[in-house]
Amino acid sequence: MAQFLLETVWLVPLYPLIGGLLAIPWSPGIIRKTGPRPAGYVNLIMTFFALLHSAIALQATWNRPPQEQFFPWLSTAGLDLTIAIEISSITVGAMVVITGLNFLAQIFAVGYMEMDWGWGRFYSLLGLFEAGLCALVLCNNLFFSYVILEILTLGTYLLVGLWFSQPLVVTGARDAFLTKRVGDLFLLMGVLALWPLAGTWDFPALAQWAQTANVDPTVITLVGLALVAGPMGKCAQFPLHLWLDEAMEGPVPSTILRNSVVVASGAWILIKLQPVLTLSPIVSSFIVGIGAVTAIAGSLIAIAQIDVKRCLSYSVSAYMGLVFIAVGAGQDEAALLLVLTHALSSALLVMSTGGIVWNSVTQDVTQLGGLWSRRPISGLSFIVGILGLIGLPPLGSFWALLKLADGLWFNHPWLVGIVIAVNALTGFSLVREFGLIFGGKAKQMSERSPEVHWPMILPMMILFGFVLHLPLVLQSLSLLPSWATLNKDVALLLIWSSIFGCSISAVIYLGNIIPKPVRLPFKGLQDLIAYDFYTPNLYRITIIFGVAQLSKFADMIDRFVVDGIVNFVGLFSLLGGEGLKYSTSGQTQFYAFTVLLGVGLLGAWVTWPFWGIPFLELIY
C-alpha cells in the first residue's frame, strides 16, 4: 500500500485542486439552499486525503535515493518541455508540511469566517494555493516552477483582495501583486537567458552543467542576478518586501499559510538553483548582502510597529533574510531546516494573534493589554511560538540557527554576528508584542475579549504540540547533530542572545519600571525605523514618479499625435466629401472622366522612378 502511494504521490496536488473546483458553485451563489459551508467541508476532506497520502508516502521514501518521473508535454522546434517530478524524502516531507498547515488553517477558518459571505471563494483559493505549493515542491524543472510561481502570485492577489468592497483591501492586493511582478519579470528574463547557456531547465541537469560550465563571468552574473530577483520578491526581501505588509489586509486564515510556507516558495527555488548561482561570486555575495540587510532592517522595523499583523510580517522578512544568508553561503541543509522550523512557529504565532484580530475592535497593540487572564490558551501558544522561533534549546529553531552559525563560524565570522543580532532582536520584538497584548492591565479595547471558540482553538493546540515535539521528530529522523559535535561557543552565543533579547524586552514591556509608550531619545531615528526606513517614500519619488511621468508623456503622444493624425484624416475626408457634394452634375461622362483622371495620376505616381530610363533600355 505504501509503495503504491509512493508511486502515485504526484497525484497529491490534485486533491486540493479538486476540492477548490468543487467549491466553486457555492462562490457565485449557484447553490443557495445549503449555504456556503459545504464548500469548506469539501476542501477539508480533500486536504485531509492529501495529507494522509503524503504522510504515508513519506515513510516509504525514507533512506531511499530520489526518484524522477517525466511527463512529456510539448516538443517542437528543438524545444523539449517535459514536466520533471522529483520524489524524495525532502519533497514529500515538504508536502506533508504544506498539506498539514493548510488543513489546520482551513479548520481555523471554519471559526474565523463563520459569518463571512465569501466562504466558498475563500476555500477555493486556499485549495488553489495548496495545489500550487505541492506542485512546486514536486516540480524538478525551472520553467514549470516559474509557471507555478505565477499561479501563486495570482492566488495571493485574489486572497488578499477577498473583501474587495473595502478600499484598503483593494489597494493592498494591487500593491502586493505589482511588487511581486517586478521580481517575476526579472526571473522570467533569467529563466529564458539560462536556456541558451545550459540547454536544459531540469534542476539535476543544471547542477551537473554547473560543475563543468565555462561561461562568460559577466553573462552568468547578470543571469544569476535575474534569477535571484524572483525569490527576493517571493521571500519579501529588501527592496521588494513591502508586499507582505500590504498582504496583511487579507483574512487571517490565509495569512497562516502565507507567513509560513508561501514566503518560503522563493527560498525553495533559490536552494534548487544554488549550484548555478555559485558560478558567480558576485551573485553569492549579493544574496548574502540582501539577506543580511533584510534580516537586520526587518528586525528593527518589527520592533517599532504597533499593528499586530505588521509586527509579525516584518519578523517573517527578517527570518527569510537568514535563509538567504544560508543559501548565499552554501548552507543548503541549514536553509531547509530554517524554513521548516520557521513555518511551524510562524503559523502558531499567526493563529494565536488571529483570535485577537477576530473579536477585538482594534489591531493596535498599544490599545490592548491584560489578555493573559482572559485568553490563556492564546497566550501560551504565543509563548511557544516565540520559543520555537528563537535560538533557545531544545526547540527547533535553536538547531537550525546553530547549524547555520556553525557553518559560518570559520569562513564568514561576521555573518555569525548578524545571526546572533537578528536572533536577539527577534526575541526582543516578539516578547514586546506579547507584553503589549497579554501583559499589564486590561484597557478599554481589551476589557471584553474572551477566548475564541473551539474551531480556532483546536488547530492552535495541534500546532502547539507539533512545535514542542519538533526536536523529537527531527531526532527520530536523524536530522539533529549530537552534543559531542556541536560548536559550544556558537551554542552559548545563541542561548545568551536569546536570553538577552527576551529579558530586556520583558523588563521594558512586562514590568512597570519604564513608562510606556517607550520612545527613543532621537525622534528622527524612531521615525526612520517606524516608517520602514522611508522605503515607501523612496518608491514614491523614484519608481512611482517615473512611471507617472512616463504615463503622462504617453498620454500626450496618444492625444496630440495619434489622435491628431486620425482626427486630421477624418476632417479631411469630411471636408472633401462636402466639397464633392456640390460638384456633382449627374452626367455620366463627367464621372468617367474623373475615374480615368484618378487612374492616370495613380499610374504616373507608380511609374515615376522609371521615367528617366529610355524605353529600349527598359525592355532589354
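Trainee: Which element gives the largest share of the lining of the second largest pocket?

Mentor: This is a predicted model, in which local features need pLDDT of at least 70, side-chain atom pairs count only at pLDDT 80 or more, and totals for chains, interfaces and linings use all residues. Residues are numbered from 1 along each chain as its sequence is written, and side-chain values use heavy atoms, leaving out hydrogens and water. The second largest pocket has 33 lining residues, with Arg432, Tyr509, Pro517, Val518 and Arg519 nearest its centre, and two or more residues each come from α14 (281-303), α19 (413-438), α21 (488-509) and α22 (523-530). The helices are DSSP runs (H or I, at least four residues, numbered from the N terminus), and the largest share, five residues, is that of α22.

Trainee: What volume does the second largest pocket have?

Mentor: A pocket is an open set of points on a 1 Å grid over the protein atoms alone, with protein on both sides within 12 Å along at least five of seven lines; a cavity is a set where a 1.4 Å probe fits but cannot get out, and lining residues have an atom within 4 Å of a point. Points are joined across faces, edges and corners, and a volume is the space filled by probe spheres set on them. For the second largest pocket, the volume is about 1,000 Å³.

Trainee: How many residues in the lining of the second largest pocket are charged?

Mentor: Asp, Glu, Lys and Arg count as charged, while Ala, Val, Leu, Ile, Met, Phe, Trp, Tyr, Cys and Pro are nonpolar and the others, including Gly, polar. This lining has 16 nonpolar and nine polar residues, and the number of charged ones is eight.

Trainee: Which element gives the most to the lining of the largest pocket?

Mentor: The largest pocket holds about 1,500 Å³ of space. Its lining has 46 residues, and those nearest the centre are Ile90, Gly93, Ala94, Val97 and Leu340. Two or more lining residues each come from α3, α4, α5 (119-138), α12 (264-272), α16 and α20 (454-476). With twelve residues, the element that gives the most is α4.

Trainee: How many residues in the lining of the largest pocket are nonpolar?

Mentor: Seven residues of this lining are polar and five are charged. The nonpolar residues number 34.

Trainee: How are α3 and α4 oriented to each other?

Mentor: Helix α3 (residues 37-61) and helix α4 (residues 89-112) pack with their axes 8 Å apart, at an angle of about 155°. Axes are lines fitted to C-alpha atoms, for helices over the stretch in contact, and angles between N-to-C directions run from 0 to 180 degrees. Under 35 degrees is roughly parallel, over 145 roughly antiparallel, 65 to 115 roughly perpendicular, and the rest oblique. The two helices are therefore roughly antiparallel.

Trainee: How many residues of the contact of α3 with α4 are charged?

Mentor: Contact means heavy atoms within 4.5 Å. Among the residues that meet are Arg37, Leu44, Phe48 and Leu51 in α3 and Val92, Val96, Phe103 and Ile107 in α4. The contact has 13 nonpolar and ten polar residues, and the number of charged ones is one.

Trainee: How are α15 and α18 oriented to each other?

Mentor: The axes of α15 and helix α18 (residues 396-408) cross at roughly 40° and come within 11 Å. The helices are therefore, in one word, oblique.

Trainee: Which residues of α18 make the contact with α15?

Mentor: From α15, the contact is made by Tyr319, Leu322, Ile325 and Ala326. From α18, the residues are Ser397, Leu401, Leu404 and Leu408.

Trainee: Which element gives the largest share of the lining of the largest cavity?

Mentor: The count comes to three cavities of 30 Å³ or more, and the largest has a volume of about 70 Å³. Its lining includes Met248, Asn259, Lys309 and Val357, and two or more residues each come from α11 (252-262), α15 (308-328) and α16 (332-359). By class, six lining residues are nonpolar, four polar and one charged. The largest share, four residues, comes from α16.

Trainee: Which residue does a cis peptide bond join to Phe238?

Mentor: Most peptide bonds are trans. Here omega is about 5°, and the bond is cis.

Trainee: Where is the place of Pro394?

Mentor: The peptide bond from Pro393 to Pro394 is also cis, with omega near 5°. Pro394 is in the loop between α17 (376-389) and α18.

Trainee: What is phi of Ala236?

Mentor: Most residues other than glycine have a negative phi. Ala236, in the loop between α9 and α10, has a positive phi, near 55°.
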